Amino acid sequence: MPSEQQLRADIVEIGRRLYARGYTASNDGNISVRLDDRRLLMTPKNVCKGFMDPAMMCITDLEGRKLAGERDPSSEMQMHLEVYRQRADVQAVVHAHPPIATGFAVAGIPLDRAVLAEVVTTLGSVPIAEYATPSTKELPEAVRQYVKVHDGILLANHGALTLGADLYSAYFKMETIEHFAKISLVARMLGGERLLSRDEVFRLQGLRGMYGIASPAPICPDPAQAEPADCQVVQAPVSAAGQRLVPESIRERRRSDGADQEIRLTYRELTALIEDAVRNLK
Ligand SMILES: [Zn+2]
């Protein structure tokens, strides 16, 4: 375990990076880490994360009582406490408002499609916790059902939350979420993602052990019968033809199952159909 002095310095450095990358504006965001089994080190309320110094941090217990520090702890302390209560394996928590990922959270679009191998192996899926008023007890309640099986969560109309085995691991997950959101946005602007097939997703999940990647939960075997309490829902289509990449358009066509399929006609074909119908009327 790094020393308290090192952890204070790491929080300052991560705050600087969050601000420099535009993941936070003004005084947004907060960072915390376990000091031992009963104390947390946390960023204080009302400071810009880009300009902190190590002496600014607060120490609290796991009930949120301040034990040391001149300033008050983060206004989102309750959300951090909820994570530590639910996840004994988590040592650090980062909350920020990275703009592209937050755009997905505002649009109500979860980052749960199987698109990039490194995201499938590390984060799995990134769901959206229901909207809750920031800095109230609604927020820990909204994230409660997701923190057990996810290391990255979008907060509806607010931002993102990441958890890690140390400070840098939680911070890098925030980078991964924003990078994933950027790539997903560009792919959708270019006509839509090609998704990794279900078989490929499970092949990637099998690599977690080989690379020593700890994931809080497995990917649900069947997203339609998902039990969100113990597995992650990842959108990955079954590919009957054994393709590893499945274009979304094919998926959408299959989903509509012929009922509302689009029919394209040339102008001449449409005119002929109308003329035919008019002739039949006479
Ligand atoms: Zn926030």
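Is His-95 buried or exposed? In this predicted model, His-95 has a relative accessibility of 1% and therefore counts as buried, the cut-off for that class being under 20%. His-95 is one of the residues that hold the zinc ion, which is coordinated through the NE2 atoms of His-95, His-97 and His-158 at 2.0 to 2.1 Å. Along the chain, the donors of the zinc ion follow the spacing H-x1-H-x60-H. His-97, with a relative accessibility of 22%, is classed as partly exposed, because partly exposed residues lie between the limits of 20% for buried and 50% for exposed.

The protein as a whole contains nine helices and 10 strands. Its C-alpha trace spans about 90 × 40 × 30 Å along the principal axes, and 46% of the 282 residues count as buried. When contacts between residues at least 6 apart in sequence are considered, 63% of them join residues that are at least 24 apart.

The relative accessible area of Ser-32 is 0%, so Ser-32 is buried. With residues up to four places away in sequence set aside, Ser-32 touches Leu-41, Met-42, His-80, Tyr-84, Gln-91, Ala-92, Val-93 and Leu-167. Within this set of neighbours, the side chain of His-80 is joined to that of Ser-32 by a polar contact of 2.7 Å, and a polar contact, also of 2.7 Å, links the side chain of Ser-32 with the side chain of Tyr-84. The C-alpha atom of Ser-32 is separated by 8.7 Å from that of Met-77, although these two residues are 45 positions apart along the chain.

Leu-167, a neighbour of Ser-32, also takes part in the contact between helices α1 and α6. Two packed helices are described by the angle between their axes and the distance between the axes. For helix α1 (residues 4–20) and helix α6 (residues 167–189), the axes come within 10 Å and cross at roughly 10°. Since angles under 35 degrees count as roughly parallel, α1 and α6 are therefore roughly parallel to each other. On the α1 side the contact is formed by Leu-7, Asp-10, Ile-11, Glu-13, Ile-14, Arg-17 and Leu-18, which meet Leu-167, Tyr-168, Tyr-171 and Met-174 of α6. The residues of this contact of α1 with α6 divide into eight nonpolar and three charged, with no polar residue among them.

Positive phi values in residues other than glycine were examined in the loops. Asn-46, which is not a glycine, has a positive phi near 60° and is placed in the loop between β2 (39–42) and β3 (58–61). The relative accessible area of Asn-46 is 59%, so Asn-46 is exposed. A positive phi of about 65° is likewise found at Ser-135, again not a glycine, and Ser-135 is situated in the loop between β6 (128–129) and α5 (138–147). With a relative accessibility of 44%, however, Ser-135 counts as partly exposed, whereas Asn-46 is exposed.

Technical notes:
Residues numbered from 1 in each chain as written. Predicted model: local features only at pLDDT ≥ 70, side-chain atom pairs only at ≥ 80, totals over all residues. Heavy atoms only, no water. Axes fitted to C-alpha atoms, helices over the stretch in contact; angles between N-to-C directions. Helix = DSSP H or I, 4+ residues; strand = E, 2+ residues; numbered from the N terminus. Parallel < 35°, antiparallel > 145°, perpendicular 65-115°, else oblique. Contact = heavy atoms within 4.5 Å. Nonpolar A, V, L, I, M, F, W, Y, C, P; charged D, E, K, R; others polar. Buried < 20%, exposed > 50% of the residue type's maximum accessible area, 1.4 Å probe, protein only. Polar contact = N/O pair within 3.5 Å; in protein donor to acceptor, adjacent residues only side chain to side chain. Donors = N, O, S within 2.8 Å, 3.2 Å for Na, K, Ca; no water.
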